[in-house]
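Biologist: Let us go through the labels on this model and ask what each one rests on.
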Amino acid sequence: QEARADTSNLFPCHMTHASMQADFAHLGLVSKDHLEAASGVAFSGPATPKTIENERTSQCTLCIETEYPYKICKADRKWLEVFGFQDKEIQGRALRMCQGPDTDTKTIQTLLSGSQKAAVRLTLYTKCGEPVNFSAVAGELEVNGSGGKFCPLNLDLAAAHEQSSEEEDDLDVPTVVLDADEPWEVLHVNSTFAEKFGLSADQIRREGVTSVFASSADGVRWRNTLKSAKDGKTSRCLQFVQCANGKEWQAVFQAAPHKFTEKKEGSSRSEVVEIAITCLDAEASLAGSDI
């Protein structure tokens with residue numbers, strides 16, 4: 001009785017059996033047995049604590065309108081937590097706010113159209129600009145209150161990490177993403193590229209990708225290579241490059257379209273807005289180059 005009196009103030013008299021279960025047991029804070037021992041009340045029916053597996057799981061859901069500009073309709077709590085947004089920050093905003101250099105916009109469009117049912121690997125970016133890789137599966141298209149359609153994307157954050165180390169190595173090639181228009185601003189540089197030349201990513205962003213070129217590099221050939229990429233073609237050129245320690249060698253740079261604008265009505269094709277520059281070994285083949 002004395003022990004029971006010591007704990008009675010934990011449970012105000014206005015609390016019902018059901019509210020105590022809701023406020024304590026289902027949160028997983030205390031078990032049913034502990035509640036009964038402390039309160040002297042036997043709870044009727046199952047008092048299974050609410051699992052928090054959904055909070056710890058790698059899966060989350062993001063709902064997006066199926067028409068351009070692909071506005072976000074809603075996201076579950078897990079998605080907001082992982083990507084660092086508050087619900088009010090994403091409502092009615094275009095998905096572009098979460099896109100970055102490694103976002104495959106064409107695959108996203110295919111998913112939202114409902115024509116892609118198999119899981120695909122995608123990358124979106126957090127509020128702080130950090131990439132998040134995941135596997136995505138499109139749910140059935142639904143209709144919102146205004147009559148428009150939206151598609152729930154079911155994301156699995158763990159599935160993206162199940163690829164082999166060999167695949168990771170293949171993906172981790174020295175790459176820089178540039179704005180397609182002159183002066184070709186550096187939008188993204190991966191750590192492999194920066195380490196290859198002994199420079200920091202910030203320095204490459206400030207000074208441009210040509211900061212790795214040696215004095216004997218061919219500027220005309222470089223401009224022609226970027227122009228081909230801007231025109232939608234993948235091309236390569238051989239350039240003399242220089243490491244931060246002064247060492248010079250020859251490297252093959254491949255320029256390829258990386259991101260396109262949305263195709264507007266009446267337009268024959270979309271326009272290249274970003275170019276991916278990949279630094280390959282000097283022995284890499286130049287076959288297929290227009291330069």
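Modeller: Helices here are DSSP runs of at least four residues, numbered from the N terminus. The model is predicted. Lysine 78 and glutamate 81 both sit in helix H5, residues 77–83, and are three residues apart, about one turn of the helix.

Biologist: What makes lysine 78 and glutamate 81 a salt bridge?
Modeller: The closest N and O atoms of the two residues are 3.9 Å apart. The cut-off is 4 Å between a side-chain nitrogen of Lys or Arg and a carboxyl oxygen of Asp or Glu, so the pair of lysine 78 and glutamate 81 counts as a salt bridge. The structure holds six salt bridges.

Biologist: Why is lysine 78 called buried?
Modeller: The relative accessibility of lysine 78 is 13%. Buried means under 20%, so lysine 78 falls in that class.

Biologist: Is glutamate 81 buried or exposed?
Modeller: Glutamate 81 has a relative accessible area of 52%. Exposed means over 50%, so glutamate 81 is exposed.

Biologist: How do you know that glutamate 89 and lysine 127 form a salt bridge?
Modeller: Their side chains meet at 2.6 Å, N to O, and the limit is 4 Å. The pair links distant parts of the chain: glutamate 89 belongs to helix H6 (residues 87–90), whereas lysine 127 lies in the loop between strand E3 (120–125) and strand E4 (131–138), 38 residues apart.

Biologist: Why are glutamate 89 and lysine 127 called partly exposed?
Modeller: Glutamate 89 has 23% relative accessibility and lysine 127 has 47%.

Biologist: What about aspartate 231 and lysine 227?
Modeller: They form a salt bridge, with the closest N and O atoms 3.3 Å apart. Aspartate 231 is partly exposed at 38%, and lysine 227 is exposed at 51%.

Biologist: What makes strand E8 and strand E9 edge strands?
Modeller: Five strands form an open antiparallel sheet in the order E8-E7-E11-E10-E9. Strand E8 (186–189) and strand E9 (235–242) each pair on one side only.

Biologist: How do you know that E9 pairs with strand E10?
Modeller: Pairing needs at least two bridges. Eight bridges join E9 to strand E10 (residues 248–260), so the two strands count as paired. Glutamine 239, for instance, has alanine 251 in E10 as its bridge partner. Helix H11 (residues 219–230) packs on the sheet, touching strand E7 (175–179), E9, E10 and strand E11 (272–280).

Notes:
Residues are numbered from 1 along each chain as its sequence is written. This is a predicted model: local features need pLDDT of at least 70, side-chain atom pairs count only at pLDDT 80 or more; totals for chains, interfaces and linings use all residues. Side-chain values use heavy atoms; hydrogens and water are left out. Buried means under 20% relative accessible area, exposed over 50%, partly exposed in between (1.4 Å probe, protein chains only). Contact means heavy atoms within 4.5 Å. Axes are lines fitted to C-alpha atoms, for helices over the stretch in contact, and angles run from 0 to 180 degrees between N-to-C directions.
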